Amino acid sequence: MNLKILTFKGGTHPPHSKTSTEGLSIVKSRSPETVVIPMVQHIGAPCEPIVQVGDMVTVGQKIGEAKGFVSAPVHTSISGEVIAIEPRLTTGGGTVPCVIIKNDMQDTFYEGLIPYPDINKLTSQDILSIIKESGIVGMGGAAFPTHVKLSPPPGKVVDTVILNGAECEPYLTPDHRLMIERPEDVVYGLMIFMKALNVKKGFIAIENNKPDAIKSVYDAARGIDGIEVVGLKTKYPQGAEKQLIDACTGREVPSGGLPADAGVVVNNVGTAAAVANAVKKGMPLIERIVTVTGNGLKNPQNLSVRIGTSFKDVIDECGGFNGIPGKVIAGGPMMGIAQYSVDVPVIKGTSGILILTEEEAKLPEYSNCIRCGKCVEVCPIKLMPVNISNYALLDKFDQAETANALDCIECGACSFICPAKRPLVDSIRVAKREILAKRRKTQSK
Ligand code: SF4
Ligand code: SF4
């Protein structure tokens with residue numbers, strides 16, 4: 001195995017903190033008594049419920065219809081009775097309409113699930129429609145509907161697909177375990193993407209701190225035309241789309257542009273495996289691997305969790321909290337979202353549940369900028385985080401916009417490296433929100 005080791009300019013090296021789960025096999029989690037399935041689990045238009053209170057539903061049955069092209073339907077992960085349709089708190093921090101189902105513990109599967117064992121018999125359009133109907137979205141966290149990613153705008157020529165197996169976010173290991181335990185699904189998913197886009201070149205890019213995953217995927221992809229497994233230097237945020245494209249192809253995505261502007265579509269390895277499952281077995285996206293970890297938890301695990309299971313059920317299955325928790329985060333410490341409550345459901349984009357201790361969760365006191373320039377050095381987008389942050393803190397959002405605040409991918413590398421512990425990414429997030437709100441207001445006039 002003679003791999004290229006690729007990387008990008010900038011980035012930083014937060015502690016990996018993956019040792020407690022990277023060696024643990026994926027375990028199927030307990031079937032919950034109830035699930036709360038949000039009608040918004042993706043970027044785009046919310047779904048509309050197509051069931052009513054009192055309906056009996058079966059595993060894999062569609063319960064929410066996508067409204068619009070940029071949207072993805074949702075399906076039930078258990079069989080049982082719909083007991084409520086009402087707004088509930090979700091990991092994004094707000095309430096959204098949810099379908100609540102009581103489990104009959106029968107695991108009766110929906111009869112309309114159709115497997116397609118031979119992709120050679122499928123056209124691009126067939127594949128797109130299977131992916132759309134299966135409710136598949138980006139599983140690396142962004143949750144962008146996958147059929148939309150696979151439909152580049154007219155005039156854009158895509159010649160390369162990259163599967164993202166970097167998993168650079170500290171603590172998280174679902175992709176690592178997936179690549180070790182189901183490498184053939186990852187490779188099959190890439191073949192499906194390549195067929196859907198009619199491209200001849202596919203990369204599977206994996207950070208070189210996961211040699212076992214690299215070997216497993218390399219062996220599964222051996223001899224398949226056009227697929228290349230590449231190693232990536234272990235560096236944060238190696239898994240960000242623009243950085244992956246730069247590392248694998250040397251191409252640059254222009255400011256404000258999309259990967260398709262560089263002729264590339266990027267998907268997560270988990271998304272590829274979900275697509276393989278949808279095509280081979282006809283199974284929609286109703287379950288995902290979640291790393292449940294952190295010093296604030298008794299027994300960290302990689303669990304395969306049904307969508308809609310509450311964080312509380314998942315945490316209980318891992319032995320519960322280890323003392324008083326300081327913070328519960330959906331995702332990892334760099335890009336995850338802190339939660340007010342554990343009464344929120346696992347959704348399609350939940351890659352991890354991280355529990356920090358009280359000590360770990362304490363926010364550091366920040367001090368004046370010492371003009372060291374480290375935030376500028378690490379920014380993978382080549383921004384000036386210190387300047388944008390200062391504009392944001394002074395409410396000078398127009399200047400923040402001129403300094404390209406909207407290009408920030410919110411990776412948090414600048415905040416991590418800052419010796420003065422300045423709230424860089426938090427203030428830049430505020431600037432982005434204000435800039436976008438102003439744009440929307442102008443457009444609606
Ligand atoms: S400015 Fe944005 S993209 Fe640059 S390091 Fe900070 S969070 Fe990451
Ligand atoms: S890293 Fe922190 S202290 Fe250094 S220039 Fe940036 S904001 Fe200032």
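**Loops, domains and contacts**

Modeller: Y171 sits in the loop between β10 (160-165) and α3 (174-181), where helices (H or I, at least four residues) and strands (E, at least two) are DSSP runs numbered from the N terminus. This is a predicted model, in which local features need pLDDT of at least 70 and side-chain atom pairs count only at pLDDT 80 or more, while totals for chains, interfaces and linings use all residues. Residues are numbered from 1 along each chain as its sequence is written, chains are lettered from A and ligands numbered from 1 in the order in which they are written, and side-chain values use heavy atoms, with hydrogens and water left out.

Colleague: What is the phi of Y171?

Modeller: Y171 belongs to the loop between β10 and α3. Although Y171 is not a glycine, its phi is positive, at about 75 degrees.

Colleague: How much area do domain 1 and domain 2 bury between them?

Modeller: An automatic or database assignment sets the domain bounds, giving domain 1 (5-22 + 114-281) and domain 2 (374-444). Their contact (heavy atoms within 4.5 Å) takes 15 residues from domain 1 and 11 residues from domain 2. Buried area is the accessible area (1.4 Å probe) that two parts lose on being put together, summed over both. For domain 1 and domain 2, with 60% of it on carbon and sulfur atoms, this comes to about 910 Å².

Colleague: Which residues of domain 1 lose the most area to domain 2?

Modeller: On the side of domain 1, three residues together account for 35% of what that side buries. Those that lose the most area to domain 2 are T12, Y236 and Q243.

Colleague: Which residue forms a salt bridge with D107?

Modeller: A salt bridge is a side-chain nitrogen of Lys or Arg within 4 Å of a carboxyl oxygen of Asp or Glu, and the whole structure has 23 salt bridges. D107 lies in the loop between β9 (95-103) and α1 (124-133), and its partner, 199 residues apart, is in strand β15 (residues 301-306). With the closest N and O atoms 2.9 Å apart, the partner of D107 is R306.
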